[in-house]
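User: Please take a close look at the charged side chains in this model. I want to know how they pair and where they sit.

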Amino acid sequence: MAVTALQDRPPGAAPPGLRQRLQALPRETRDTLFLLAVIAWVVLPQVGNLPWWCTSLAAAVLLWRGRLAVAGQPLPRPRWVLGLLIVAVAATLATHRTLLGRDAGVTLIVVLLALKTLELRARRDIFVVFFLGFFTMLTNFFFSQSLLTALAMLVALLGLLTALVNAHMPVGRPPLAQAARTAGWMALLGAPIMAALFLLFPRLAPLWGIPSDAMSGRSGLSATMQVGNIAQLVLDESIAMRVRFEGPVPQQSDLYFRGPVLSVFDGREWRALAPRRGAWRVDTGSLARLQVAGEPVRYEATLEPNNRPWLLVLDAMASRPAIPGVGTTMTSELVWVTDRPVTDLLRFRAESHTDFRHGPGSIAAVLPEYLELPPGFNPRTLALAAQWRAEPALARGGPPAFVQAALDRLRTGNYHYTLDPGVFGEHSADEFWFDRREGFCEHIASSFVVLMRALGIPARIVTGYQGGERNPVDGYWVVRQSDAHAWTEVWLAGRGWVRVDPTAAVAPARTGQLQRLRPRPGLVASAIGDAAPNLAASMRAFWDAVNNSWNQWVLNYTQSRQLDLLRHIGFQSPSWEDLGLLVLGLVVAAALAGAGWTVWERSQHDPWLRLLGRVRRRVRQLGVPVPDHAPPREIATLVTARFGAAAQPLADWLLELETQRYARAPAARLPALRRRFKRIPWPA
C-alpha cells in the first residue's frame, strides 16, 4: 500500500526523498530494514576474520531479506533455509576442518544470524535474532579489543537495544527516535553496574584475555633476517611499544631497545644461535658477564601483541622484571625472553643501564659461530680484509683499528642510506662495499659483520628498535615498527662485546635526530600535510594518546591492578575471596536498588488512573457493576441511576476528575481531588 501511495503522486511532482520513502513504509517493513542494518553493522568488523564465502552468504541473505520486506513478498519456505544451512555447515567443515573452536564457531554464528532473518514469522523468532545479534557482537572481541572495535560495538549495542525496545511497542507506529531514547537511558542506567563489574569481576584465565591467538600474523622482529626484511617493517607505522620514563630521558642516540641477536650466516640469511650451543640458556653471570655502571634508567614499557617471545628492553637490564604470570629469562647474548609469546598487551617496569660491559674476557671463550663465514661467498670483501691485515699501520692497531677503518670507509666512501636499494644478489656484502654503496640498516650491518669476521674479529648482528618519539599529549614515548633497526656488536679484548652502529656512520641523523626513512604518503595524507603541516602530526598524537589510555586503563587492567584497587579502598591483604564478597555485595545492592525503584515507579505510575481504580473498587463494593474500562462520566451515570440524589456529590466529583484529565485548563488539581475523595459522603 505504501508503494502504491508513492506511485500515485501528481504528474510533474518531484520524486520523494529517502526520508519520505522511509516514513511511507509500513511499520513492519521499516522495523525489519532497521534490524537488518543493525545486523550488518554487527557483522561488518568480522569481514577480515570470516571466510569469503561466509561474508558473501551473509550479505546476500540480508539483501534478499530486505528486498522481501520492501516488496511485501512472503518469506521463503523452510526447506530453502534448511538447504542453505546444510551448505553453510559443509563449507565451514571444509574451511576450518572442524565445527568446534573459535574460528569455526564464529563462522557458524554469523551464518545462523543471517539465516534466522528469513524466519521472522512470530514474536519468538525476532527475540532469537536479538539473542544471536548480542552474541555475535560479543564475538568481535575474540579477535580484537581495540578502541575502534569497542566504539563500533557500542553503536551496535545501542542499535540492538533500540530494535528490542521497538519490538515491545506493538501498538501504532512509534518513531525509532523514541525507542532509541529509551535504549539510551537503559544503557546509561546500566553503565554504573557495568563499570563496577569491570573493576571487581575476577580476571581468571582463560575467561579474560580471550584473543590470545589473534596476533599470529602480526609483523615484527624475527629470529631470522634476510636482507630487506627490516626495510619492510619500516613501511609499517603501527606501534610496537610505548615507554614512560621516570626521571631523565636518555639521549635519542642511546635509545636502543634490544631484540633478537643473529649470529649464524649461511650467505643468504642470518639466524639466531641454536639452543644446543647455549645461546638460549639462562646465564646472567657466566657467559654474559654483565657489568653495569651509573644510575639506572627507570621506565614502564607496554608491548603491543606481536606473537614473539622477546622482551624488548632498553640496552642492558641486570634485574629480572616482575611480570605477574609471565616467566622471564636472560640469554647469554643479553636478550630477555618470556616463557610464552606476547599475544596480549604486556606492561612491565624495568631498570636498564646505558653504561655497561658484557661478554667473555678472552677470545678463547667466544663461541666460534661469531667468527664463521660461509665458504664461497663475498670474495671481494675477503680480499679487502686480507689487504687491511697486510697494512702494517692497521695491523699494529689491532681490532680497534680495523673497526675504525671500516667506519671511516662508510663515512667517506660515498655510501648512502636508502629504503629502496634494490634486490641484492648472492654476494650481498660485495655488492654493498664495492658496487651499490647504498642500503638500509640490515644491508649495512650485514656487510659490516662479514668484513669484521673476515678480519678475525668476532661480530654479530643485533636487531630491535632504535629511537622513538615523545607524544606531547600524554608524555609517552612511542616506538613504532618503522623504528626497527639492526646494528652490530664486535668483541674487543678487555672490553667484551661493544656496540658499533655502522648505519650511524653512513647517516648520523638516523640515530641522533630521529630522521627516519618514510614511504611516500598517500594522496589524502599529502593533501592534509600541504594544507596544515602540523594537523596530521597533532591528530596522530591525539589518537595515539587516546589508544594508549584505552590500553593502560582498560585492556591492561590486570589481576595485580585489581588487587591494588582493593588495597586502595582499605583491604590489607586482598584476595580472590574479597573480590567475590564485593561482587556479591554489589549484586545484592543492585537487586535492592532495583526493587526500590520498582516500588517507587509503581507509586508514581499515572496517579490519575490509580485514583480512578480506587473509585471503581469502592463503587463495586456498593453493588454497582462497573466495567474495567468505564470512564468517570459513565461511573457517575451508573451510581446516579442506582442511588439517585444520594450519589450526587460522588457524581459531581467524578465529573471534576474527568475535567482534570481532559480539559485544557483544569480548575482542580489532582492532590486536591484526592483529598476531597476521602470526604465524599457515599450512599448507603
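Analyst: Start with Arg 340 and Asp 339, whose side chains meet in a salt bridge at 3.8 Å, N to O. A salt bridge here is a side-chain nitrogen of Lys or Arg within 4 Å of a carboxyl oxygen of Asp or Glu. Arg 340 is partly exposed, with a relative accessible area of 44%. Partly exposed lies between buried, under 20% relative accessible area, and exposed, over 50% (1.4 Å probe, protein chains only).

This is a predicted model, where local features need pLDDT of at least 70 and side-chain atom pairs count only at pLDDT 80 or more, while totals for chains, interfaces and linings use all residues. Residues are numbered from 1 along each chain as its sequence is written, and side-chain values use heavy atoms, with hydrogens and water left out.

Next comes Arg 380, which forms a salt bridge with Asp 435; their closest N and O atoms are 2.7 Å apart. This pair links distant parts of the chain. Arg 380 belongs to helix α11 (residues 379–390) and Asp 435 to helix α13 (residues 428–436), 55 residues apart. Helices are DSSP runs of H or I with at least four residues, strands are E runs of at least two, and both are numbered from the N terminus. Arg 380 is partly exposed at 37%. Asp 435 is partly exposed too, at 44%.

Arg 411 pairs with Asp 408, with 3.2 Å between the closest N and O atoms. Both lie in helix α12 (residues 392–412); they are three residues apart, so about one helical turn separates them. Arg 411 has a relative accessible area of 47% and is partly exposed. Asp 408 also counts as partly exposed, at 34%.

Some charges join in a network: salt bridges link Arg 244, Glu 246, Glu 300 and Arg 349. The structure holds 20 salt bridges.

Now Arg 289. Its place is the loop between β5 (269–271) and β6 (291–292). At 37% relative accessibility, Arg 289 is partly exposed. Arg 289 and His 358 are 69 residues apart in sequence, but their C-alpha atoms are 5.0 Å apart in space. Leaving aside neighbours within four places in sequence, Arg 289 is in contact with Arg 357, His 358, Gly 359, Pro 360 and Gly 361. Contact means heavy atoms within 4.5 Å.

Last, Lys 678. Lys 678 sits in the segment after α24 (670–677). At 65% relative accessibility, Lys 678 counts as exposed.
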